[in-house]
Amino acid sequence: VMPEGVVPGELYLAAKNAGVLRLQAGKFVGVVPEQVSVVELAVSPGGSLLASAYGAGTVWLNGASTRRISKQPYSHMVFRSERELWATPDPFEWAVHRFDGEAWSALRQRTDFKGRFSDNKLNDMAVTQDAVWVSSWNGLFRERAAGWERVDVPESVGGKPPWRLIGVGDQLVA
């Protein structure tokens, strides 16, 4: 039973060999082809769904409308606002890309996050109101005012970069 005044939202399902499905009029309807391998699903602040899949790219699903925003799949998708999305296009030669609602911009490459490891792997990415955060094997980094800086992790918590990041308002949870 839904509480009074609460309107249920869209229901999506990503299933092996079925793609991404939306519950519509009591049955599931395919919205991303079944021949794809889903990489990630992310919900925008406005409640629409982004589905990223090998073979389909990255699509923005909002009600009955489906808009492809990239031919390539993205992962680590995080939103600062409904029109500002940050993500990485490749799990191996990862990079930091920004989508402004219309186009993607490549901002940093994996090799820009210098440190001990030449095969620097991405742990996670998050956004807060004023910064983009990247945690990789080579450390924790923050983008502010178009510049990137390394952020030292306290030795009291092990000194190693965190594996998970969550941005909540102006706070980072690591």
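Visitor: What should I know about the model before we start?

Guide: It is predicted, so local features need pLDDT of at least 70 and side-chain atom pairs count only at pLDDT 80 or more, while totals for chains, interfaces and linings use all residues. Residues are numbered from 1 along each chain as its sequence is written, and side-chain values use heavy atoms, with hydrogens and water left out.

Visitor: In what order do the three strands of the open sheet run?

Guide: Strands are DSSP runs of E, at least two residues, numbered from the N terminus, and two of them pair if DSSP finds at least two bridges between them. Here the order is β1-β2-β3, with antiparallel pairing. β1 (12-15) and β3 (27-32) are at the edges, each with a single partner strand, so one side of each has no neighbour in the sheet.

Visitor: How is the pair of W60 and F79 arranged?

Guide: Phe, Tyr and Trp rings (for Trp, the six-membered one) pair if their centres lie within 6.5 Å; planes under 30 degrees apart are stacked, over 60 edge-to-face, the rest tilted. W60 and F79 are edge-to-face, at 5.8 Å centre to centre with 80° between the planes. Both residues are buried, meaning under 20% relative accessible area with a 1.4 Å probe, protein chains only. W60, Y74, F79, F99 and W104 form one aromatic cluster.

Visitor: Which rings have centres 6.3 Å apart?

Guide: Those of W60 and F99; their planes are at 45°, so this pair is tilted. F99 lies in strand β10 (residues 95-99), 39 residues apart from W60 in strand β6.

Definitions and conventions. Helix = DSSP H or I, 4+ residues; strand = E, 2+ residues; numbered from the N terminus. Buried < 20%, exposed > 50% of the residue type's maximum accessible area, 1.4 Å probe, protein only.
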